[in-house]
Amino acid sequence: MQLTEKHKEYWRRNLRVTGILLAVWFVVTFVIGYFARELQSITIIGFPFPFYMGAQGSLVIYVVIIWFYANYMNKLDQEYGVHEGDD
Amino acid sequence: MAAQSQSQFFSSLKRYYSFYTGGFVAFVIIVAILEQLGVPNKILGYIFLAATVLLYAGIGVMSRTADVSEYYVAGRRVPALFNGMATGADWMSAASFIGMAGTLYLSGYDGLAFVLGWTGGYCLVALLLAPYLRKFGQFTIPDFLGARYGGNIPRSIGVFAAILCSFTYVIAQIYGVGLITSRFTGLEFGIGVFAGLGGILVCSFLGGMRAVTWTQVAQYIILIVAYMIPVVWLSVKHTGNPVPQIAYGYVLEKVTAREVVLNDPTTPDGAREAEVRAIFKQRQEAAEGKLKALEAGGVTYLAEEKGKLSLAAADLKAKPDADPAAVAAAEKAAADYPVDAAAAKKAWTAAANGAKAKTGPIASHAEPFAGKDQAAIDKKRKNFLALVLCLMVGTAALPHILMRYYTTPSVKEARKSVFWSLFFIFLLYFTAPALAVLAKFDVYTLLVGSSFSELPSWVASWAAVDKSLMSVTDINKDGIVQLAEITLGGDLIVLATPEIAGLPYVITGLVAAGGLAAALSTADGLLLTIANALSHDVYYKMINPHAATTRRLAISKGLLLVVAVFAAYVTSLKPGDILFLVGAAFSLAASAFFPALALGVFWKRANKWGAIIGMSGGLGVCMYYMYMTYPFFGVNAPLWWDINPISAGIFGMPAGIIGVVVGSLLTAAPNKEIQDLVDHVRYPNLEGDINTKAA
């Protein structure tokens, strides 16, 4: 099977959004985790910031990342004509 | 059913599960009424456990099937929302339900590694694997490895790794089942294991994935309700706010303030804590002194000391006005004296370590990586981050979870389904830290400082059940409870929350049913993964590709039974520590599967030899490190860069990635057919596409 230029562009855009979302995932998990002690003095609704992120903030961001990806890709499928038929 | 359209199916599912939830609430109310009528707690416990297991069995029987696609992937028509709930139950195990809040209670910020690791991993599932595996659309994870890399070797390594990590994990689950059944019904642990196993089997045996899916949805509803009710109640009690996740920031501030008071010897409460710590310090030194003397004197020292004790007891007895209690204590001390040097060393080391744990100041709940110097802090931080990464990547590699994304009707639904999965998991995981803080507040402010003559009733009742979960001893004999005098097991937090919150026993029964649902649902998914790897990948794909459908299913069901009984047998031997078993399963999966799966989708050049070297190398390094460093195996080699054995995957993963890359580049690129397969999984729909869908 021969891929068209359009197909390749679809894959490039998929890789780009995947990369950006993984970068967000990495920052909220590992960068904040690494600097947890340094960020301890910041408070957010009564919590020290790193504790808040570990217990809630990062989790919310994970849920949003996955929600965004699903929506973005489902739209991208339509745009590039690679969506599945109605089931 | 086949004639039904997907949207009709979805709306009838919603109707069924709404009725079901209503029925379950009614059932809880009936049990609550029975309690008010004076039915004893033990009977209520039986009713709860029996009713829920029967319910799962009922769903299992109703979903029985003889169709291959129904048996392996629930007919591939599970809507995203319901697959999300099923994945949630499949995912959340006894460790999440019962253990997590306790771990957070005991280790504060550092325990958040589990919360982060077990949720953030879904980002990797969503972005790197789920949609592609769904497009590939066969039955098992080794199926993908077999097709993508060609030949039976990658598939066989996949089967071996799938069985290894699922089996390690399932033992931890069955252990949880045994623990809950034995605690709430009074059955013996071994019998509890087999009784729980019956519950697991009725469901997966008849209907495979289809039955497991619909049972898991039911189990999710029970477990989330059971987890939330007591926490909301506790939150109202302490803050007046029914949303514990928001309210506990304010409670955490108070806990932190209380920690400062208890650590400050100039305050009255702090002074009493310091007094108890000093006593523990003396005990630690005494035990260490004995250890030193043992090293110097050996067996002679032991004999002398034992002689002295017997003599003292005899002297005491000979006195005319001897106090019988003191005599009995002295005689017991002589009789309990360690028999040989090994026993003495073990007993005294345990005593020294136990006392030492109580000598330090209280660790602050919200402080990350607390340590006495920079080196200790760095070590903790390193292990925290390594554990988070292992748990996340392991999440995106555990076959029983990835398998669930084969069951959705389309790629689009698979993507949405990961969102629902994480959403339903998130509900529990962002509640657990709140529960830990609320429980800590209760212990620090209400229990500490209360008098030994009027302990809260939940303390007394749990101390009577199990000393390792709850015990308080008046060390400094002042009649008042100090924090250092309390020994509290992590599992207590979830199990005792209803009583701490002052709720009736019916809620305790509900929590037990929730814990059981969590353990059973995960065990179901895991056993099915193991049996499918053996029956589908080994028997059908490698031994007898012409086997008839009925024979394939018969073999699958037979194997399920054998694996289940074997797992229960291994569990009844009580091997190792639950948390380590669970962590080990994640590290193993992360090292063995993740590199080959992700690179299989994103790097066309990855080939058979790369996969073989990467998977066996990753798995090998991970297993080697665990074997060398985990105390259970007795080698106790020095750690590499201070990384704990639970995070062995941190070495296995890079080994796996390097193996795939180097192995692939040294050998020829995969053929056109396999490159087409990669394109096939990358695009949800391609014109002139090949078809990899299994019937």
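Guide: What follows starts with the rings and moves on to the core and the chain contact.

This is a predicted model, so local features need pLDDT of at least 70, side-chain atom pairs count only at pLDDT 80 or more, and totals for chains, interfaces and linings use all residues. Residues are numbered from 1 along each chain as its sequence is written, chains are lettered from A and ligands numbered from 1 in the order in which they are written, and side-chain values use heavy atoms, without hydrogens and water.

Over all chains there are 44 aromatic pairs. Rings of Phe, Tyr and Trp (its six-membered ring) pair if their centres lie within 6.5 Å; planes under 30 degrees apart count as stacked, over 60 as edge-to-face, the rest as tilted. Take B:Tyr132 and B:Phe602. Their ring centres are 5.5 Å apart and their planes stand at 85°, so this pair is edge-to-face. B:Tyr132 belongs to helix 6 (residues 112–136) of chain B and B:Phe602 to helix 23 (residues 594–602) of chain B, so the pair ties together parts 470 residues apart in sequence. Helices here are DSSP runs (H or I, at least four residues), numbered from the N terminus.

B:Tyr132 has 3% relative accessibility, so it counts as buried. B:Phe602, at 24%, counts as partly exposed. The cut-offs are under 20% relative accessible area for buried and over 50% for exposed, with partly exposed in between (1.4 Å probe, protein chains only).

Next, the nonpolar core. Such a core is a set of buried Ala, Val, Leu, Ile, Met, Phe, Trp, Tyr and Cys residues joined through side-chain atoms within 4.5 Å. The largest has 244 residues, and B:Met470 and B:Phe593 touch the most other members. Helix 9 (residues 189–239) of chain B gives the most to this core, 20 residues.

Contact means heavy atoms within 4.5 Å. Chain A puts in 48 residues and chain B 58 residues. About 4800 Å² is buried between them, 70% of it from carbon and sulfur atoms. Buried area is the accessible area (1.4 Å probe) that two parts lose on being put together, summed over both. Between chain A and chain B the count is 1 salt bridge, a side-chain nitrogen of Lys or Arg within 4 Å of a carboxyl oxygen of Asp or Glu. A:Asp77 and B:Arg415 meet in a salt bridge at 2.8 Å, N to O.

Note on methods:
Helix = DSSP H or I, 4+ residues; strand = E, 2+ residues; numbered from the N terminus.
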